[in-house]
Structure formats: structure tokens, C-alpha cells
Amino acid sequence: MRNILVLLVALILCSCNNENKSKTLKAGNYRVVLAVQDNEELPFNIEVTSSNTLKIFNAEEVIEVDEIQYRNDSIFIMAPVFEGYFAGVFEGDNIKGNFIKESLDRVVPFKAQFSNAKRFVTKDEALENITGTWETVFSQGITGDEYIAKGIFKQEGETVTGTFRTTTGDYRYLQGVMDGNTMRLSTFDGAHAFLFTAKVTDSTMEGTFYSGNHWKEPFVAKRNANYELPSANDLTFLQEGYNSVEFSFPDATGNIVSLKDERFKDKVVIVQIMGTWCPNCLDESKYYADFYNKNKDKGIEIVALAFEYAKTKEIAFNRINRLKSKIGIDYAVLLAQYGTSDKKKAQEKLPMLNHILSYPTSIFIDKTGKVRKIHTGFNGPATGEKYKEFKVEFEGFVEELLSE
């Protein structure tokens, strides 16, 4: 697969001609379509604001992109923070190529058309309205794959926005349409490309979830205004016989950091289990970075443990440093694992935990070094009220620990 990736980039570079050497992005709107399974298309919209900047739109989310390179008639657009990139060639004002994630050997074809076209093109008027809460099950009846979720949607006319919350996080900002009785929702955040399609009645939906072109699974849902997921504070816990956490991992300078270091003595500590490839971790890291910068003088420390699927230590630290620089992280980010993000292998690095169920997971430690709470997953800003509730709970609990 590595050879295929090299060949793809080489072909793009070699497809140049003298006439197009000065070609750059035309300012304006584009409709981008990723090719997924079952001949389905995953669309999203971008706005090119200059030859070197553009914006990606997902409902209320706007992602700023400022890493764009041109080589002859080829263009390379690097996703912000994450490792994925678009490699394409110009076809007039349009672009054709692939979205590539080298560490995972994944290649997804794409087309970007210079157009004001909507995200999804509809054929019929909306016959259903999915505004409300939906009790959802993904991969129902499939042993080892089944999991529950909570769909939260708002529909105005044919336009639908919202997200699916799971026990470990959320599927971020989803945007789409109701076309007749067919729901279509998508998001692209630079790391994940998600498409949800479903047939809908007034009280049920049955559909398919696509992740890029490498994964799909079925889901079913029913209206349930009172549906709630299990508490995120009860899913991960310490094994019997433990009341604390221990680890020793390197930072980007090669220093080995442990909770026994003087910097953590007599302080409230939050250990963040995360990865630079993880959108929910990015949402959490943005919030933690801001919180830490405002409160680090109060006797609080945050230390992140990065579990990276980058294939070398050097690449893993490059991605850690890029994340820290992009969003202003001033707390320690340590490399706990590279070469895989496998949760079972991650749990081997932290054997005091019953499991690592989710990236991210946060461990709250009081001034005596005792674990007081473990919060699995993160409900990001796409979850609306749940995100606000999390911030109130988080800040209140930290204040409680600081006052002890």
C-alpha cells in the first residue's frame, strides 16, 4: 500500500504541463465530493478565501485551512492539525485527486467543483421532520460491534443539522437534508469523513453509516424524547487494589515525565488520554488548553498521554508539536505509544485501568495523588447543551478538588 501512495503522488506531480504551471485556486465556493462505498458520495462545501487559505463548513463549524502547496499543475491541501491531505490536479477551475492518510494506508478519491451548489442535491420535498431525540443502535445484533447512541437533530424545511452522541464521544457537526423520506448527513473535519443515510418514518429510521471508503455499518433508531446514555463517569475505573495512576513517558525533548515529578506535587492533576488523530480529542484539547492557560497558577496541572498511529517516533512527535502549536497547548504532551492506537495495547501501558474504552479519557487526581474520577469520552461543541453541561461539571469538580 505504501508503494501505491508514493505512485499516486508521483503521478499527480508528473501530470504537469507548461501551460498550467502558475495555476492556483480560484477564490469562491466549491462543492467537494468524496467517493465512499456502495457508489455513495460524501459531499461538503468549502470557500476559498485566497490562493493559500480556505474554509471547510459543517453546520455551525468553520475549519480554517492555511497549508496549501502548488507544484506545477498539482495542489496539496493539508488538513489542519491532522495528518490527512488532499493531493489533486487542476481540471480547469475544478480539482480531481485523492484524500490520503499515509499512516493508515488510506486513499479516498475526491472531486472539487467550483460551484455554489448545495451540499446535497435533493429530488423531492421533505416528507418527514426528524427534529428531536432518537434512541439509536449501531450494528445491532452484531457481536462485538453493537453500540448505542443518541441522535439529536434539528430540521428546518429540508435542511438537517445535529449529531449522534455515543457513550464515548460524538460524531461532531453533521449537516444534510431530508430528501423525500431519505435522510442524508455528512461531515468532513480533516481526520474523519462520515456519511449517514437512512429511510425515515415519523418514529423510526433505518440506515447505514459510512466512514471514508473503508468502513460501513447499519444503524436503527426510534424517537424517544426521554432517552439518555449511561454516565460517562462510570465506564472506566481503577482495577481492584489501585487508587492511583503511575506512568513514565517521554516529552518532545526526550525528558521522561512521571507523576512523581516535583511539578505535580501537591497539585490537582488531570491526565488526558488522547491522540493527535482524534477529532473529539481535538475538541477536548482546545477546551483544556484554554482552561489551563487561565487557571495554571491556581495549583492545577494537565498532562496528556498521546497514543499515536504514526509509524515512527519522529513523526509522532512532529504531530504532537504541530497540535500544540496550532491550538496553543501549554501543558505537557507525552508520547505513550506510537505505531498503533489499539486500545488493548494502550491499556497495557496503564494496567491500573479496567480498560481504555475511548479516546479521549480524562483521569482526575487530587492533591494527595488519589484518583477521584475518570471521565470517558468527550461531548464536544456539536452536542450543544451537553457540551455546556460538561463544562459546568468539569469546572465545578476541579474547583472542588482545588479547595481541599
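**Close-ups of a predicted model**

R184 is partly exposed, with a relative accessible area of 26% (buried is under 20%, exposed over 50%, partly exposed in between; 1.4 Å probe, protein chains only). This is a predicted model, where local features need pLDDT of at least 70, side-chain atom pairs count only at pLDDT 80 or more, and totals for chains, interfaces and linings use all residues. Residues are numbered from 1 along each chain as its sequence is written, and side-chain values use heavy atoms, leaving out hydrogens and water.

**View A. R184 pairs up with E40.** The two side chains meet in a salt bridge at 3.1 Å, N to O (a side-chain nitrogen of Lys or Arg within 4 Å of a carboxyl oxygen of Asp or Glu). R184 sits in strand β15 (residues 182-188) and E40 in the loop between β1 (28-35) and β2 (41-50), 144 residues apart. Helices (H or I, at least four residues) and strands (E, at least two) are DSSP runs, numbered from the N terminus. A search of the whole structure turns up 23 salt bridges.

**View B. K326 reaches E67.** Here the salt bridge is 3.3 Å, N to O. It links helix α3 to the loop between β4 (61-65) and β5 (68-71), the partners being 259 residues apart. Both ends are partly exposed: K326 has a relative accessible area of 36%, E67 one of 28%.

**View C. D283 and R172 make a buried pair.** Their closest N and O atoms are 2.8 Å apart. D283 lies in helix α2 and R172 in the loop between β13 (169-170) and β14 (174-179), so the bridge ties together parts 111 residues apart in sequence. Through shared partners, E61, R172, D189 and D283 join into one network.

**View D. Helix α2 crosses helix α5.** The axes of α2 (residues 279-295) and α5 (residues 385-403) come within 13 Å and cross at roughly 40°; axes are lines fitted to C-alpha atoms over the stretch in contact, with angles running from 0 to 180 degrees between N-to-C directions. Y287, Y288 and F291 of α2 meet Y387, F390, K391, F394, E395 and V398 of α5 (contact means heavy atoms within 4.5 Å).

**View E. L350 sits in the largest nonpolar core.** That core has 65 residues, and F247, V303, L305 and L350 have the most contacts inside it. Such a core is a set of buried Ala, Val, Leu, Ile, Met, Phe, Trp, Tyr and Cys residues joined through side-chain atoms within 4.5 Å. Not counting residues up to four places away in sequence, L350 touches V245, E246, F247, I273, L305, F307 and I356.
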